[in-house]
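I opened a new notebook page for this structure. My plan is to look up a few places one by one and write down what I find.

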Amino acid sequence: MRTGRRVIGAAVAVGLALSAAACGGGDDKKKDDGGSAQGTELKGVKIEVAAKWTGAEEQNFRQVLKAFEKQTGATVSYASTGENTDAFLGPRIAAKNPPDVAILPQPGLLQQYAAKGSLKPLTPEVVGEIDKNFSPYWKNLASAKGQTYGVLAKAAYKSILWYRPKVLQDAGVNPPQSFDELVKAAGTLQDAGQTPFTIAGASSDSWTLTDWFENVYLSQAGPDNYDKLAKHEIKWTDPSVATALQTLAKVWGKPEWMAGGLATATKTKFDESVTQVFGQEKAAMVYGGDFAAANIATTKSKVGTDAQVFPFPKAGNTAPAVLGGDVAVALKDSKGAMALMKYLASPDAGKTWAGLGGYLSPNKNVGPDAYSDPIAKQLVDAMQKAGDSARYDMSDLAPAAFGGTPGSGEWEALRGFLQKPSDVKGAQDKLESEAAKAFKS
């Protein structure tokens, strides 16, 4: 199992920056210009693609697939894996009936499938498209033992909090820069009659809790310890983990700061946590990566005005910059599968998706004009400034049994801590027990 990797500042800048000069598409046939006929290169070819996306993210991805269909003549069907991608794909792979292409939410899962021989190496044509459009860091992240298996189809910047600026302004609160300032701001908002947070603590979506932890831990323990914990080279019973949990308890230990209280928080899914803030106005702030913009777009709130972001507040000496991403892999080596993989590696796919909002492309040839919301530029600037301190999402680098399975592993251990934040030792023991089993297997 491949574990945490260091994100070199130059790689982040090259791989994620919105370059000043927008480039055109790759080797694929020209996109429809509004008047040309649909492509016929893959006419009659049926392709199934599976991903965990639902709601706004799914609808936007379907638009990307529709553009591919129009360009090639292929017919693409979409299957939702649910949050437990491995539980959906595993049985189908075992039955030798996998989808043509799957979008994996964790590089750790790519390593797992590659080790079992479940993935198809990408053709030289697809690899060539990747080399043209992605930095070596992103290519390596989707490779195993020197073989390229995936395309980083979607990037995520996960070190921000979304907020309603008018609510903070009315309470006399400025966007906090430190975690202690965040705690103070939450108290001020509560005193002003505004619930500070919505928390997505549902069993199916408690990955959000791992993101809270990772931002605090990276900031306090530093990048080197973050790498060690990601690799399980230090245990979850380490004092540095205790310190991070104690810091989280300053917020998680205040159920009155959560919309609906703890009982609601432990049942709230991520999509709901966002719309509760910007659609229902039940709270002032919510944790969520850049992709939350897609959920906000389903409300009357406008990204950049009614919905703004501030960097996840520093809990230590390091300004946290946690990155994520979804990697497309081929489970069949059919013509259709490889054509879709090449398309997902092209600027065309990234530009289509960027125009829909709630998306950042790791493709260096997706220019700034492609993005439909102003938040994207702000986040790219933050990623560049993070430099060598930026890190890939820790739970996504772990074995899926620990870092990517709803109802178990790190997800459930932190969900348990949300419900009982006074029990730091109990949470550490649970985290270590689950990590030890997953890494051993």
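Before the helix pair, I noted how its angle is defined: axes are lines fitted to C-alpha atoms, for helices over the stretch in contact, and angles run from 0 to 180 degrees between N-to-C directions. I also kept in mind that this is a predicted model.

**Entry 1: a helix pair.** I looked up α19 (residues 409–419) and α20 (residues 424–440). They pack at an angle of about 170°, and their axes are 9 Å apart. Angles over 145 degrees count as roughly antiparallel, so α19 is roughly antiparallel to α20. Next I asked which residues of α19 meet α20. On the α19 side I found Gly409, Glu410, Ala413, Leu414 and Phe417. On the α20 side they meet Val424, Ala427, Lys430, Leu431 and Glu434. I sorted this contact by class: six residues are nonpolar, one is polar and three are charged.

**Entry 2: a sheet.** I traced an open sheet of four strands, in the order β8-β9-β7-β10. Its pairing is mixed. Which strands stand at the edges? I found β8 (197–198) and β10 (308–311) there. Each has a single partner strand, so one side of each is left without a neighbour in the sheet. I then followed β10 to β7 (residues 160–163), and the two pair in the antiparallel sense over four bridges. For Ile160, the bridge partner in β10 is Pro311. I also checked what packs on the sheet, and found helix α9 (residues 207–230). This helix touches β7, β8 and β9 (285–287). The direction of α9 makes about 90° with that of β9.

**Entry 3: Asn365.** I found Asn365 in the loop between α15 (347–354) and α16 (375–386). Is Asn365 buried or exposed? Its relative accessible area is 13%. Buried means under 20%, so Asn365 is buried. I followed its side chain and saw that it reaches the backbone oxygen of Lys132 at 3.1 Å. I also checked Asn365 against Lys351, 14 residues apart along the chain. Their C-alpha atoms are separated by 9.1 Å.

**Entry 4: positive phi.** I looked up Lys96, in the loop between α3 (85–94) and β3 (101–104). Its phi is near 60°, a positive value in a residue other than glycine. Lys96 is exposed, with a relative accessible area of 75%. Then I turned to Glu281, in the loop between α12 (270–278) and β9. Glu281 is not a glycine, yet its phi is positive, about 55°. Glu281 is exposed, and its relative accessible area is 52%.

Definitions and conventions: Residues are numbered from 1 along each chain as its sequence is written. This is a predicted model: local features need pLDDT of at least 70, side-chain atom pairs count only at pLDDT 80 or more; totals for chains, interfaces and linings use all residues. Side-chain values use heavy atoms; hydrogens and water are left out. Buried means under 20% relative accessible area, exposed over 50%, partly exposed in between (1.4 Å probe, protein chains only). A polar contact is a pair of N or O atoms within 3.5 Å; within protein, one must be able to donate a hydrogen and the other to accept it, and residues adjacent in sequence count only if both atoms are side-chain atoms. Two strands pair if DSSP finds at least two bridges between them. Contact means heavy atoms within 4.5 Å. Angles under 35 degrees count as roughly parallel, over 145 as roughly antiparallel, 65 to 115 as roughly perpendicular and the rest as oblique. Ala, Val, Leu, Ile, Met, Phe, Trp, Tyr, Cys and Pro count as nonpolar, Asp, Glu, Lys and Arg as charged, and the others, Gly among them, as polar.
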